[in-house]
Amino acid sequence: MTQYLIDHWLDITTTVLGFIYIVLEYRASILLWIVGIVMPALDVALYYTHGLYGDAGMAVYYTLAAVYGWAVWKFAKKSKQKEGEAMPVTFMPKRLYTPMTLFFVVAWGGTWFVLSHYTGSTVPVLDGFTNALSFVGLLTLARKYAEQWLFWIVVDAVSCYLYIVKGLPFKALLYGAYVVIAVAGYRKWVKMARQARRA
């Protein structure tokens with residue numbers, strides 16, 4: 001048992017941080033970004049040693065994106081946001097649907113190409129898919145759009161499968177739980193967005 005814990009300590013640590021992160025995200029707490037800086041920094045090493053090179057690269061992006069997300073939540077403003085009030089949860093404007101879809105398709109193709117031609121990734125299509133959709137998820141999370149949860153539901157379900165295949169049981173458990181929490185998070189954020197729209 002001790003040896004198992006030693007072998008999987010990084011997986012366990014990032015899993016615990018992941019649960020903390022998703023709870024903070026569900027609550028729309030700005031503290032999620034602090035955990036969002038530490039957790040992916042550790043994930044870089046975890047994913048790289050398990051051949052998930054796309055996820056390792058994505059973890060670097062997550063770390064930088066968390067700094068950006070914190071700054072946006074702290075300093076950016078939305079229309080109808082009152083002075084001194086935290087950025088409200090809102091719905092993503094329909095004008096962003098097409099650009100986000102195009103961005104996703106290009107990011108998926110680009111990530112797949114890099115993974116299949118320049119790394120030893122054994123799952124370049126799915127790894128590229130989760131990475132590309134995660135870009136969209138992070139952008140929409142940074143702007144506090146309720147729809148961000150929909151992207152994460154798909155990313156988390158596919159990631160859960162990938163981590164089972166790659167022998168990361170704790171990460172797989174985390175992402176399986178993420179799917180359930182993301183569904184609940186979407187429902188909660190939709191209510192919050194509706195309240196903000198009525199305000």
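## Aromatic pairs

Rings of Phe, Tyr and Trp, the last taken by its six-membered ring, are treated as a pair if their centres lie within 6.5 Å. In this predicted model, the count by that rule comes to 13 aromatic pairs. One of them joins Tyr47 and Tyr163, whose rings are stacked, with 5.6 Å from centre to centre and 0° between the planes. This pair links distant parts of the chain, given that Tyr47 belongs to helix H3 (residues 32-49) and Tyr163 to helix H7 (residues 148-165), 116 residues apart.

Tyr47 is buried, and Tyr163 is buried as well. Both tyrosines also belong to a cluster, in which ring pairs link Tyr47, Tyr163, Tyr175 and Tyr178.

## A charge over a ring

Trp73 takes part in a contact of another kind, in that the charged end of Lys144 sits over the Trp73 ring, 4.3 Å from the centre of that ring.

## Packing of H2 and H3

Helix H3, which carries Tyr47, packs with helix H2 (residues 9-26) at an angle of about 155°, the two axes being 9 Å apart. Because angles over 145 degrees count as roughly antiparallel, H2 is roughly antiparallel to H3. The crossing of these two helices, H2 and H3, is left-handed.

On the H2 side, the residues that meet H3 are Leu10, Asp11, Thr13, Thr14, Leu17, Gly18, Ile20, Tyr21, Leu24 and Glu25. Their counterparts in H3 are Leu32, Trp33, Val35, Gly36, Val38, Met39, Leu42, Asp43, Ala45 and Leu46.

Terms used
Residues numbered from 1 in each chain as written. Predicted model: local features only at pLDDT ≥ 70, side-chain atom pairs only at ≥ 80, totals over all residues. Heavy atoms only, no water. Phe/Tyr/Trp six-rings, centres within 6.5 Å; stacked < 30°, edge-to-face > 60°. Helix = DSSP H or I, 4+ residues; strand = E, 2+ residues; numbered from the N terminus. Buried < 20%, exposed > 50% of the residue type's maximum accessible area, 1.4 Å probe, protein only. Lys NZ or Arg CZ within 6 Å of the ring centre and 35° of its normal. Axes fitted to C-alpha atoms, helices over the stretch in contact; angles between N-to-C directions. Parallel < 35°, antiparallel > 145°, perpendicular 65-115°, else oblique. Left-handed = near helix turned anticlockwise from the far one by under 90°. Contact = heavy atoms within 4.5 Å.
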